[in-house]
Amino acid sequence: MAAEIIDGKAFAAEVRERVAEQVAALKAGPGIVPGLAVVLVGEDPASQVYVKNKGIQTVAAGMASFEHKLDAATPEAEILALVARLNADPSVHGILVQLPLPDHVDSAKVINAIDPAKDVDGFHISNVGLLGTGQKALVPCTPLGCLMMLRDHHGSLAGLEAVVVGRSNIVGKPMAQLLLGDSCTVTLAHSRTRDLAAVCRRADILVAAVGRPEMILGDWVKPGATVIDVGINRVPHPEDPSKTRLVGDCHFDSCAAVAGAITPVPGGVGPMTIACLLANTLTACCRANGLPEPAGLTA
């Protein structure tokens, strides 16, 4: 039987709606408007599109959107000064510095200059450490989105065996920590793991975040497993090499024939990232004002 398709686009719309409802309640009650500031340095086309979409969805959720677009040659000191101003601005509850930054800028230095309580990307070393030790943190958006979809599909994740393929700081490592936090038994694997196919085949939950197009095949998947494909890879179109298409880290057709549920690419994990950015901004706003955290929108 073919796998159930986990519709990330539809689920992200639900998350954005829940965020908008709680933002409206904040405005109507204590009169607080969550604010998200995005810093874009340079003119990377993909980053420009992403930042534009973030701005549109931030406003649609009823939040305040602050965009700071800087020239690619902007000195590092000037970027750090902007981050300091945003840290001190009470109308800004979330700060996101769009990556990648130009080569002359130390990305880690800039990210770690953000107030951890406003670090809605979850990349600050303090939030990484809090997550790793099971404490309250702001969590990277993509892994948070994956966790939300898994909770929605399974209910409780306790006792399930999870394999995360990929060890990046942005997805793989925090994903493993989040699954541990929900009482899964977790293996963090990667492209150099010995007999990776056999390791994947143990998983009740298989998260593919290795960055290699269609690397994970159907015979790597345990029958009935839930497959979360984080990969977004652009490859030549098989019928027209002058064009490209998007594929995940999983070979979709063969994996879908074995899995119990699977996220497609596109339309799976991707839409959840901005939705969770909005959720993190709402969470940061509530924490900053001593209010209860938004139910169902945090790790």
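So, what is the strand order in the open sheet of three strands? It's 3-2-4, with parallel pairing; strands here are DSSP E runs of at least two residues, helices are H or I runs of at least four, and both are numbered from the N terminus.

Quick caveat: this is a predicted model, where local features need pLDDT of at least 70, side-chain atom pairs count only at pLDDT 80 or more, and totals for chains, interfaces and linings use all residues. Residues are numbered from 1 along each chain as its sequence is written, and side-chain values use heavy atoms, leaving out hydrogens and water.

Pairing takes at least two DSSP bridges, and strands 2 and 4 have four, in the parallel sense. Val-39 sits opposite Val-97 in strand 4.

Now the core. A nonpolar core is a set of buried Ala, Val, Leu, Ile, Met, Phe, Trp, Tyr and Cys residues joined through side-chain atoms within 4.5 Å, with buried meaning under 20% relative accessible area (1.4 Å probe, protein chains only). The largest one has 54 residues, and Val-19 and Leu-179 have the most contacts inside it.

Take Val-19: leaving aside residues up to four places away in sequence, Val-19 touches Ala-61, Met-63, Leu-278, Ala-279, Leu-282 and Leu-297, where contact means heavy atoms within 4.5 Å.

Methods: Buried means under 20% relative accessible area, exposed over 50%, partly exposed in between (1.4 Å probe, protein chains only).
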